[in-house]
Amino acid sequence: MDTLKIILTGATGMVGEGVLMECLENPNISEILSVSRKPSGKKHAKLKEYIVSDFLTIDMNDENLKGYDAVFFCAGISSIGMSEEEYIKTTYDVTLHFAKAVLNQNPNMVFNYVSGAHTDSTESGKMMWARVKGKTENALKKLGLKAAYNLRPGFMKPVEGQENVKWFFKPFIWLFPIFLPSKSLTLHEVGRAMINAVQKGYPTSTLEIKDIKNLAV
């Protein structure tokens, strides 16, 4: 099985850091380009970093993005306190611009997007964030990528040793897997599912919690 060269976003957030740590230790990954607004603080022979202050300024012909098999798009922001227009810009616009840029450099690109449980594929529900995430998922599937997988995880247990975990989140880390096992995942599982989606494929492009668990095996 050939190893993969991947681009990862969100390495300074909890989800991205956890997926990055899985990828660094996973033998199926040979190279990782972390594209982020600030350095991750991690050093590893597999890891390269590309610092970009504004993803919307990335050029469609940016050769820093050339030569990769897949994107693990883990960057994201909470919708709390944001208008729908602002959230569309930071979520839909940023993700689609990035996807188009990497696709332009890598025609056989697989794009794995961390969306969220209860995302609204109809784009017409009451929850603003769910509509915008649904709009983003739908647009990615129409881009002409080799494959686009939209992961909808619930609670995600951090990888041991992670630094980017909010203080208010830490007391509950051990409770969810015990009391709500069907609604929780580990970030090791999320990372492995992303890797396996690229190397093995999956019958559906929308990956709910049970699909992520199945694909992580």
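User: What do the side chains of Lys42 and Glu17 meet in?
Analyst: They meet in a salt bridge, with 2.8 Å from N to O. A salt bridge here is a side-chain nitrogen of Lys or Arg within 4 Å of a carboxyl oxygen of Asp or Glu. One thing to keep in mind is that this is a predicted model: local features need pLDDT of at least 70, side-chain atom pairs count only at pLDDT 80 or more, and totals for chains, interfaces and linings use all residues. Residues are numbered from 1 along each chain as its sequence is written, and side-chain values use heavy atoms, with hydrogens and water left out.

User: Thanks! Where do Lys42 and Glu17 lie, and how many residues apart are they?
Analyst: Lys42 is in the loop between strand 2 (29-36) and strand 3, while Glu17 is in helix 1. They are 25 residues apart, so the pair links distant parts of the chain. Helices (H or I, at least four residues) and strands (E, at least two) are DSSP runs, numbered from the N terminus.

User: Is Glu17 buried or exposed?
Analyst: Glu17 is buried, at 0% relative accessibility. Lys42 also counts as buried, at 18%. The cut-offs are: buried under 20% relative accessible area, exposed over 50%, and partly exposed in between, using a 1.4 Å probe and protein chains only.

User: And what about the rest of helix 1, how many of its residues are buried?
Analyst: 11 of its 12 residues are buried, so helix 1 is largely enclosed by the rest of the structure. Among them are Met14, Val15, Leu20 and Cys23. Helix 1 covers residues 14-25 and reaches 17 Å from its first C-alpha to its last. That is close to the 16 Å expected at 1.5 Å a residue, where the expected span is 1.5 Å times one less than the number of residues.

User: Back to charges. How many salt bridges does a search of the whole structure find?
Analyst: The search finds nine. One of them joins Glu31 and Lys48, whose closest N and O atoms are 3.2 Å apart. Glu31 lies in strand 2 and Lys48 in strand 3, so this pair ties together parts that are 17 residues apart in sequence. Glu31 counts as buried at 18% relative accessibility, whereas Lys48 counts as partly exposed at 42%.

User: Which residues are linked with Glu31 in a network?
Analyst: Lys5, Glu31 and Lys48 are linked in a network of salt bridges. For that, NZ of Lys or CZ of Arg must be within 6 Å of the ring centre and within 35 degrees of the ring normal.

User: Nice. What about Lys210, what does its side chain meet?
Analyst: It meets the side chain of Asp211 in a salt bridge, 3.7 Å from N to O. Asp211 is buried at 8% relative accessibility, but Lys210 counts as exposed at 56%.

User: Switching to rings: how many aromatic pairs are there?
Analyst: The structure holds four. In one of them, Phe55 and Phe98 are stacked, 5.3 Å centre to centre with 25° between the planes. Rings of Phe, Tyr and Trp (its six-membered ring) pair if their centres lie within 6.5 Å; planes under 30 degrees apart count as stacked, over 60 as edge-to-face and the rest as tilted.

User: Which residues do ring pairs link into a cluster?
Analyst: The cluster holds Phe55, Phe73, Phe98, Phe111 and Tyr113. Phe55 also has a charge over its ring: the charged end of Arg37, 4.8 Å from the centre.

User: Last one! Which helix is Asn196 in, and what does it touch?
Analyst: Asn196 is in helix 5 (residues 187-200). Not counting residues up to four places away in sequence, Asn196 touches Gly201, Leu215, Ala216 and Val217, where contact means heavy atoms within 4.5 Å. A polar atom of the Asn196 side chain lies 2.6 Å from the backbone oxygen of Leu215. Asn196 is buried, with a relative accessible area of 9%.

Definitions and conventions: Polar contact = N/O pair within 3.5 Å; in protein donor to acceptor, adjacent residues only side chain to side chain.
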